[in-house]
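Subject: Structure handover

Hi,

Here is the structure for you to work with. My notes follow below it.

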Amino acid sequence: MRIALLLCFLYTGFIGTASGQGEVAFYIKIEDGGIFDVRTIRDSLGQLQCYEANIKAPVCEDRVCYDVNIRFRWNLIGQFEKFVIAAHDPLTKMDHEPFAPEDYKKLQQILSNQDLSFVHIPKNELVTESDSSEVDGYTGATKATVKKEVIEGALYTCYTLWHIANGEVVDAIRQHTHKSLNRDLIKKMLSDENQFVHYYLINWLDSQQMKEHIDDLLMLISEGKGYFSKNAIEQLPELLFETLSVQNFIISHYNTLDYYAQLAILKKLKLVNLGDSLRKYFIFLIQEDNGFQNQRILSLVLSGIGNESFTTLVNHLNSLEIIISEENFLLIEKLGKRYHHDTSQLKRDNK
Amino acid sequence: MNLKFNSIIYLLLFWATGVHAQKLATVFVEAESFQNKGGWVVDQQFMDVMGSSFLMAHGMGSPVENASTKVKFAEAGTYKVFIRTRNWSAQWSTKEAAGQFQLLVGGRALPKTFGKDQQAWAWTDGGTIKIEKGEIELGLKDLTGFNGRCDAILFTKDLNYQPIENLDELSDFRNDYFGFDRNPKDAGNFDFVVVGGGMAGTCAAISAARNGVKVALVQNRPVLGGNNSSEVRVHLGGRINLEPYPALGNLVNEIGPEEGGNAQPKEFYEDDKKLRAVLNEPNISLFLNHHANEVQTKNGKIERITATNIETGEKVLFKAPLFADCTGDGTIGLLAGADYMTGRESRAVYNEPTAPEVADNLTMGASVQWFSEKKDKPVSFPNIKWALDWDEEKSEEITKGDWEWETGMGLDMKLDFEQIRDYGMLAVYSNWNYLKNHSKNKEKFAHESLKWVAYIAGKRESVRLKGDYVLIEQDMTERKIYPDGTAPTSWTIDLHYPDPENSKLFPGAAFKSIAKHIKIYPYPIPFRCLYSNNVDNLMMAGRNISVSHVALGTVRVMRTTGMMGEVLGMAASVIKKENTTPRGLYQKYFDQLEALMMKGVGDPTLPYVQGYNNGATLMEMKKK
Ligand SMILES: Cc1cc2nc3c(=O)[nH]c(=O)nc-3n(C[C@H](O)[C@H](O)[C@H](O)COP(=O)(O)OP(=O)(O)OC[C@H]3O[C@@H](n4cnc5c(N)ncnc54)[C@H](O)[C@@H]3O)c2cc1C
């Protein structure tokens, strides 16, 4: 059956300062034919802050439940933040029993959870007729797996609202924020604590914007949790790795970054010119106990190496008796001839 | 399946008394070799402890169908009969015995009822019987439906015969009788022998095979999947396709069930999907129903392992330059003399915040899961006398026992495992008996009928084999990432403890648990945790890898153990190609393994079906 989502202008609001005004940015059509407006909310400086929508929707198949009247709020990257309902118009469960405080709490958890399985079940399979011992809702019994995740007696409410909160609106918000990105907004987002926002930035900023905000981005990279640093480095345009500020950053932070971020840096640097100090830094990073990266670093410092650095390198390799892979060894031999440098003492890996 | 009818082989034993020797006919029959098992099941879980696999009448309260077999007697005459059995419920109750059965000879029951005498495994005297020469049918008739068990049956014309109780001597006797040790079957030469066919071992075998390695996969059950099989019914947990190797997990996705849930109907676990995937690999020789229990080493390397067929008792030899212990129990490592860890390390050992002040032997427990189904008509359940003491407070008014029906913490997951499994079952039956026959709410359960109770108990932790590195809590919570990272573990550090409420009701013998979680960022498990530090050609995947007790809290889930398996298979191919050892790979050829991990081994074009039971993790973008 069709679910009609109606515009609701009657809303008086319970959010405090952000009073449900805001300008309409776009509207979202629901697959069942309904529609709702999404409004932008701005902070005191007039900067984009978040998105809101008032939603009125029937939440059960056979329309015996009351419609819900609810306001949703999303952050700048479309993550669901919270909902507000009017005191005179509470959410209800089966038999029109109003939500208890813990039901509201649970709903908040549900709407902001991306790891639920019941939301992936087609609507018409949500309940199983056979399992009639555990009645929930009007049409049948919820599957056991579903039961744990939802509010008892409010399956369709949870299901419908989750899909509204986490459906098409998410991408629309991301697009809208993207269009709105300006220097100040980017700055503001860079200082956000939410790592998803950081991921958004490294995926959506263009080269110019990255260049403009490189210092803040480097800061995020140095503090990044999980695989953020690696991903951010991979997203930065090569050209930036030619700049002194990035090369200096590498000198001061390389050792504290995790292994995969380090690998990402080595990969990027292969595509650009190394400055003298960065090359020197990497030469001395070649150490006996650094077996995994030695050959990678070696092949990096060898590319485009000048006579002077080459001498430093060969002396260093000799003094630490570093074992050199076949491939790098051949390269060094060739360079040795070019720079008239004796490389016969170097240790070649004869595996 | 190569089912030889060993039971029809008979042998004349030389009964030597002093200088006089007389020949007395003896017929020895292994119950697990019965041609027709009826409703009885083969249980091999404790064979390393009590000496053999056996037949068990797992009827969940209804006597199971008779098992039967044909046996040839070369001589007519009066025979004394012994059955190796036990009264399993005697350790908890002196009232009646749970598992009772009779022996049928030529269709007629011996007067003796078995399974109600001694508590420990031993020969029970069954009296004497006259037997005609020729073929005769033996049968096992279950009387109770509550896990009566029969290991072997012995007929002898020596009426003064004292059956052998000593396990080593009994094992020699069996081997001599059936002629096994003198003629062990050679399974052939392989590049890589994988022992244990859970998610870890199955993925290891497929991954190796697809990377050009000739593999033998040895699994001691008739199905693959281990805890994720329909015999144990635990659903896959954790995440796949994660940084830094997003292609890892494609094989888990390929062979893993599409639907989640613990203790669900059999079909949920898609045993066939795993089996088909293995059978599709020309490079894999699959040995189902083979329990590996002997290892021969030379100069710190495993030369060969021997496995016993759990039905025929026949022994098979496997030779290879490389082995993987995916048994979950570290059995191959232990037999090879590998260093290992067990119980909980004290805080002082690794400075782990979650470790206890003082080390102890607490492991996470094992589970006998179960569920009931609703019938149209009321269904009765025997009012059992041997149940644990039960009352309203203890009663759990539920129709399904999930993961938290967990017991045996603090006991030995190998030596005490029969007791642990049996106690798990006893708890299920005791509660069910109460609900069906005594509870004030018994009407609510009148139509409920036990549909499934596991008899293969699910384990979470036994021993952990020591590698060149031992993964610890801080590696993950403080993200100390090592260059030899492989499969990423993403489940919480999820440690189980006896449920305090349940412990109050059942002091020292809780059968329910609670879990405590610490979220982590997906963390790549170092390759050095996946091979033994002192057995040069032994790798491991699964819950027996080189981690602290605390770190086991996250790595043990099966999407993760499956990915470890994927890595092991790739490693096996590099090790073969470079003719090196696992440590050699780590030191010299890790870049090759890295390249294989980037590439992945499962079919990347299949739809992603592993969206259930992913578990909580610290924020990270999905990568695929
Ligand atoms: C009740 C319960 C709930 C759990 N919940 C989850 C969950 O939700 N998600 C999750 O992913 N994990 C869960 N776990 C943990 C997980 O199932 C275990 O850690 C599992 O053992 C890991 O898989 P594995 O491949 O290492 O071992 P297993 O699945 O134990 O496989 C090992 C296989 O090797 C065979 N074997 C053993 N010894 C030998 C031998 N000597 N010779 C031949 N074969 C042998 C065994 O029969 C078995 O089939 C749970 C465990 C339990 C018990």
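In H6(A), the buried residues are A:Gln195, A:Val197, A:His198, A:Tyr199, A:Tyr200, A:Leu201 and A:Ile202. Buried means under 20% relative accessible area, exposed over 50%, partly exposed in between, with a 1.4 Å probe and protein chains only. That is 7 of the 10 residues in this helix, which spans 195-204 of chain A. Helices (H or I, at least four residues) and strands (E, at least two) are DSSP runs, numbered from the N terminus.

This is a predicted model: local features need pLDDT of at least 70, side-chain atom pairs count only at pLDDT 80 or more, and totals for chains, interfaces and linings use all residues. Residues are numbered from 1 along each chain as its sequence is written, chains are lettered from A and ligands numbered from 1 in the order in which they are written, and side-chain values use heavy atoms, with hydrogens and water left out.

What do the buried residues of H6(A) pack against? Five helices of chain A: H4 (168-180), H5 (183-190), H7 (207-212), H8 (214-223) and H9 (228-235). Contact here means heavy atoms within 4.5 Å. At the start of H6(A), a side-chain oxygen of A:Asn194 comes within 2.7 Å of the backbone nitrogen of A:Phe196.

Also in chain A, A:Gln47 sits in the loop between strands S2 (35-42) and S3 (48-57). A:Gln47 is buried, at 14% relative accessible area. Leaving out residues up to four places away in sequence, A:Gln47 touches A:Ile41, A:Arg42, A:Asn182, A:Asp184, A:Leu185 and A:Lys188.

Now the ligand. The shell around the ligand has 33 residues, and B:Asn220, B:Gly237, B:Arg543, B:Arg556 and B:Met558 come nearest. A residue counts as near if one of its heavy atoms lies within 4 Å. The protein covers 94% of the 990 Å² of accessible area that the ligand has on its own (Shrake-Rupley, 1.4 Å probe).

In chain B, helix H3 (199-210), strand S16 (290-298) and helix H12 (558-578) each supply at least two shell residues. S16(B) gives the most, with 3. Why does the ligand lie between domains 2 and 3 of chain B? Domain 2 (186-353 + 460-623) and domain 3 (366-458) both give residues to the shell, so the ligand lies between them. The domain bounds come from an automatic or database assignment.

Best wishes

Note on methods
Polar contact = N/O pair within 3.5 Å; in protein donor to acceptor, adjacent residues only side chain to side chain.
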